[in-house]
Amino acid sequence: MNEKLQKIRQQFPILNCEVNGKPLVYLDNAATTQKPQSVIDRITRYYMQENSNVHRGLHHLSQMGTAAFEESRRAFQKFLNSELPEEVIFTKGTTESINLLAFSFGAAFIHEGDEIIISVMEHHANIVPWQQLCGRTGAVLKVVPVNDVGELEMEEYKKLLGPKVKLVSIAHVSNTLGTVNPVAEIVRLGHEAGARVHLDGAQAAAHVPVDVRALDVDFYSLSVHKMYGPMGVGILYGKADLLNAMPPWQTGGEMINKVTFEKTTFADLPYKFETGTPDVAGVLASVPALEFLQDVGWDFIAEREHALVKYATEKLAQVDGVSLVGTAKEKGGVVSFNIDGVHSADAATIFDHFGVAVRSGHHCAQPIMARYGITGTLRASFAVYNTEEEIDVLVKAIEKTVQMFG
Ligand code: 7TS
């Protein structure tokens with residue numbers, strides 16, 4: 001193992017633990033990544049020395065917390081290269097970001113007969129909120145198909161784009177297939193047709209640099225827990241002019257300007273969309289997660305994740321009875337597969353005896369499963385701390401499973 005990789009692994013205490021008497025082989029990073037010591041320490045320090053509510057107290061701790069909270073927003077502004085800090089809205093995660101967007105953008109811009117484009121490979125979080133919005137408004141959901149290897153059929157996307165399309169909402173990277181979608185082209189074509197474009201970046205933001213201005217994307221969602229950061233924090237990025245034109249979603253404290261029983265006026269961005277007490281510790285501990293990504297560097301991340309996907313793909317292809325699901329040309333750190341005659345849940349349970357953590361089942365993406373005529377897959381998903389040796393352990397577990405069900 002090279003020295004840099006070793007140093008990275010040393011930052012993650014959980015990687016030293018054992019599962020069922022075996023060293024943990026954590027290959028479920030698309031569900032959530034593990035957390036480096038710096039993130040854990042930041043959470044501890046907050047609760048030991050800084051805990052207070054933000055944006056409301058005049059006392060020392062609250063002032064300090066508020067300043068750190070807004071610093072964290074600026075860290076995300078820089079991370080995403082957004083023009084303004086107030087274009088960064090803190091949410092609980094991608095799911096909440098998309099629900100916010102569906103309700104608020106929906107209320108401002110979606111009417112009966114309008115069209116919303118998604119794709120077959122979306123996570124349920126980027127399907128159900130739009131389906132519900134269509135149910136409320138009489139708008140129509142259009143779905144971009146996916147080819148046999150797991151790529152969006154871009155010619156079909158072009159055909160779906162027409163004057164009625166108000167929004168395109170597509171995954172930057174697929175959580176089941178690992179496909180990296182041609183997002184710059186998706187945004188460009190969407191804009192040419194007069195639509196707004198949202199990218200679901202849940203599976204992208206820890207793997208590729210995201211520059212919202214270079215992409216010219218209107219909205220971008222992410223979950224910090226998939227980026228080496230804490231649970232319970234997400235971002236909805238939106239262009240200020242659009243966010244300003246959108247009504248609040250959830251209402252209550254902290255998002256108001258003035259309240260009387262006759263009428264309430266609302267705060268400006270970003271507070272209009274940040275109701276109630278946020279996860280302050282989580283927001284503050286997101287900064288060391290961004291610093292971790294920056295310290296490791298995008299080049300190293302890309303190099304390692306490509307190497308791991310290539311290695312896993314080659315090794316799995318050599319095992320009789322294993323079939324890969326999703327072999328797009330542009331792929332992130334996800335390898336989905338099935339073993340002939342073995343239910344994915346049974347296989348995952350056997351893998352666990354080897355200390356190997358993978359996800360099994362439909363991965364909250366039932367439509368793409370239906371597209372391939374399957375009910376689920378086994379999914380190994382990689383982070384920058386994973387190693388080829390860990391993939392060897394996975395392969396051993398697969399071989400054992402094949403033997404047992406032989
Ligand atoms: N969008 C995509 C593409 C995702 O992969 C996920 C979570 C979400 C949205 C929702 O993110 P959350 O943080 O709000 O839950 N995906 C997965 C997964 O693949 N396995 O567990 C969670």
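Does F76 count as buried or exposed, and at what relative accessibility?

1. The model is a predicted one, and the ligand in it lies between two domains, because domain 1 (3-30 + 297-404) and domain 2 (40-294) both give residues to the shell around it. Of the 15 residues around the ligand, those that come nearest are T95, D200, S223, R359 and R379. Sorted by class, the shell consists of seven polar, four charged and four nonpolar residues.

2. For N175, the distance between a polar side-chain atom and an oxygen atom of the ligand is 2.8 Å. Taken on its own, the ligand has 490 Å² of accessible area, and the protein covers 87% of this.

3. Turning to the aromatic side chains, the count comes to 12 aromatic pairs. One of them joins F76 and F90 in an edge-to-face arrangement, with 5.9 Å from centre to centre and 85 degrees between the planes. This pair links distant parts of the chain, since F76 belongs to helix α3 (residues 60-80) and F90 to strand β4 (residues 88-91), 14 residues apart.

4. As to the opening question, F76 counts as buried because its relative accessibility is 0%, and F90, with a relative accessible area of 8%, is buried as well.

5. Ring pairs also link F12, Y228, F292 and Y385 into a cluster.

How values were computed: Residues are numbered from 1 along each chain as its sequence is written. This is a predicted model: local features need pLDDT of at least 70, side-chain atom pairs count only at pLDDT 80 or more; totals for chains, interfaces and linings use all residues. Side-chain values use heavy atoms; hydrogens and water are left out. A residue is near a molecule or strand if one of its heavy atoms lies within 4 Å of it. A polar contact is a pair of N or O atoms within 3.5 Å; within protein, one must be able to donate a hydrogen and the other to accept it, and residues adjacent in sequence count only if both atoms are side-chain atoms. Accessible areas come from the Shrake-Rupley method with a 1.4 Å probe; for residues, only the protein chains shown count as cover. Ala, Val, Leu, Ile, Met, Phe, Trp, Tyr, Cys and Pro count as nonpolar, Asp, Glu, Lys and Arg as charged, and the others, Gly among them, as polar. Domain bounds come from an automatic or database domain assignment. Rings of Phe, Tyr and Trp (its six-membered ring) pair if their centres lie within 6.5 Å; planes under 30 degrees apart count as stacked, over 60 as edge-to-face and the rest as tilted. Helices (H or I, at least four residues) and strands (E, at least two) are DSSP runs, numbered from the N terminus. Buried means under 20% relative accessible area, exposed over 50%, partly exposed in between (1.4 Å probe, protein chains only).
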